[in-house]
Amino acid sequence: GKVAIQKEDLQKYHNRDTWFQLQHVDADSEVQGKVHLELRLSEVITDTGVVCHKLATRVLECQGLPIVNGQCDPYATVTLAGPSRQVLHIEELPSEAKKTKVKKKTNNPHFDEVFYFEVTRPSSYNKKSHFDIEDVDEVDKMEIRVDLWNASNLKFGDEFLGELRLPLKFLRQSSSYEAWYFLQPRDNGNKSLKPDDLGSLRLNVVYTEDHVFSSDYYSPLRDLLLKSADVEVICLHCLLLVSKGVFVCAFTLGFLSPFTTSFISIYYQFITKRLNYRKLFTSRDPNTIFRGNSLTSKCIDETMKLAGMHYLQVTLKPIIDEICQVHKPCEIDPVKLKDGENLENNRENLRQYVDRIFTVITKSGVSCPTVMCDIFFSLRESAAKRFQGDLDVRYTAVSSFIFLRFFAPAILSPNLFQLTPHHPDPQTSRTLTLISKTIQTLGSLSKSKSANFKESYMATFYDYFNEQKYADAVKNFLDLISSSGRKDHKSIEQPILLKEGFMIKRAQGRKRFGMKNFKKRWFRLTNHEFTYQKSKGDHPLCSIPIENILAVERLEEESFKMKNMFQVIQPERRVLYIQANNCVEAKDWIDILTKVSQCNKKRLTVYHPSAYLNGHWLCCKATADNTPGCTPCTGGLPANIQLDIDGDRETERIYSLFNLYMPKLEKMQEACGSKSVYDGPEEEEYSTFIIDDPKETYKTLKLIIEGVGTLEQEHAQYKRDKFKKTKYGSQEHPIGDKSFQTYIRQQSEISAHSI
């Protein structure tokens, strides 16, 4: 059975459980698409004086036809149906339908074919009207039928795509009519089944339809949301407010989650400027920070989910796909083992999965999106200032988000993070649960690992990973993703070592007459600077501040006849040429140098892929050493993609939420007014909610209500204008079954009034 809901009825069932009766499924009732027809009824006088009524049916085109078994080769049949000749005194209608040509491999066919049908009456011509009074009833009983079919080579015959039945009585007022029509299911005639034969289905339908104006309509509301850049934040029940009262209202009225999602969708790029991270650390115990949900943590969660989707795709998706497809047994609970399964084999399968996912996560630091790194930088700095006696808090503050709120949930429910199309089957879901638990614990860096598990079998399994190398890998990963993003890198007390090792460098020519030879040096990269010295531990011979790295690109081999070379471009066109030990090392250095410097405001957009030798650039042959580059820079890492966000649509959704909760907004405004004027009693609904600054909240509420009211008036005016301009039968508003019957009734009333 099936449940079918008309589009115009979806809003009736929005966000509430409803029981729907199941209907029988019939292939002929599953139709979609629309057809464009032109009908013309005319009178022709023959040589003998007999009036011939001729109907011309023009099938122009169709749109949105269904694709059947991977193909759509549509054609149309046209038939004129009516009572027998004895009743209407008309010629016998053709027994076979007239057929268009088949259009191959398209579900939007263009036919533009005309078919003629004749109705002959033994009466003389009458100029007074198209029809005599007795003709009206005869024509009213006739109809034109258009059927759409998919030409099939199967032995079962062609597949039905939909039909359209039009009574000719609507041609009374106008002998010519052109319109678009929705295709309808086939009339099954005598099939009559009780609607309750198949039972019922309970559904919760969430239907959203956004009518979005141009950007200028949303300026007042958008400015109100962005106002937080110029005002001091307010702390309310330990919740950080992004602006004066806007988030207070969203939290109080109970739509914080959808509000935050839309807000972050628009303003995620400014999230680090809007949030006061110090307010997050309300707990006195550094081991319990971020255990609960707050407004700020919710904003960070939404930002990670929005900006980190591509990041998850390149890190977790390949392994998640393999786990879902291979179905290796990984159950390690002895009580849940299936017959024939071996506990040790299952542990080994699970260990391999955990080890692979852990490795790919801890090596993905250079792919972490910039906006996330910026947030982690602020978290790390704020946590270090709040808990100065705890050296590990700079790691746990970041891991609480990246592992606990990002990677672990994505592994546990990959369908919610667009890693899989559907929720995994029970066995795979169990495997992912065990992996998620282990990864979460590995990322937490807690000193008592086994105590983190309630189940003894998990504590036993975790012994595989109770080695220092795993903790070191986590710390290196957290160092990398939280070491870049802000211009002032030195705001953290101690520099963070990101990478070091021997490479060969070419002299930069700082001395006018020095030789530009190649020497082996020890290179060291921190979040502050990029240095090299003769040996590890020696005093640096050269130091390049991170903010002075304008680009990091590969160097073509022909420059010095050396492989695995790259260049670090600095101000005033100074370039440091470096050769790595192998191609893998070269890529690692390029990636991590690009990562830490990609927020520099003066980064180049073009560069020279070859060196400047013998008075000219080898790539473009330009002679001046300060000639701008001839090749576009690679532009950073794949994870730093531009998100396709419709800011106007998200602002419209915020308006819709406020408009939906307008009665509560007004009540809250009344409560703030009462409290700010004479400190009166609070409304019972807000008695447990402390309003620290009722005057400012009242002002914000007033601005919100005014802005929402203005937008509501614009929507109402648009609907009125649209209703006046709506033309039923146009391509945008095809005639459906119900609307066509309404049109017929209206035409009948007009005709009766005229008579």
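The side chain of Glu331 comes to 2.9 Å from the backbone nitrogen of Asp333. Keep in mind that this is a predicted model. Glu331 sits in a loop, the one between helix 9, residues 317-326, and helix 10, residues 343-362.

Is Glu331 buried or exposed? Its relative accessible area is 11%, and the cut-off for buried is under 20%, so Glu331 counts as buried. As for what surrounds it, leaving out residues up to four places away in sequence, Glu331 touches Lys336, Leu337, Glu341, Leu343, Asn346, Arg430 and Leu434.

Four strands form an open sheet in the order 5-4-7-8, and the pairing is antiparallel. At the edges are strand 5, 98-99, and strand 8, 159-167, each of which pairs on one side only. Strand 4, residues 74-81, and strand 7, residues 143-150, run antiparallel and are joined by eight bridges.

Last, helix 19, residues 694-725.

Which residues of helix 19 are buried? They are Pro694, Thr697, Thr700, Leu701, Ile704, Ile705, Gly707, Val708, Leu711 and His715. For reading that list, recall that an α-helix has 3.6 residues a turn, so residues three or four places apart point the same way.

Note on methods: Residues numbered from 1 in each chain as written. Predicted model: local features only at pLDDT ≥ 70, side-chain atom pairs only at ≥ 80, totals over all residues. Heavy atoms only, no water. Buried < 20%, exposed > 50% of the residue type's maximum accessible area, 1.4 Å probe, protein only. Helix = DSSP H or I, 4+ residues; strand = E, 2+ residues; numbered from the N terminus. Pairing = 2+ DSSP bridges. Polar contact = N/O pair within 3.5 Å; in protein donor to acceptor, adjacent residues only side chain to side chain. Contact = heavy atoms within 4.5 Å.
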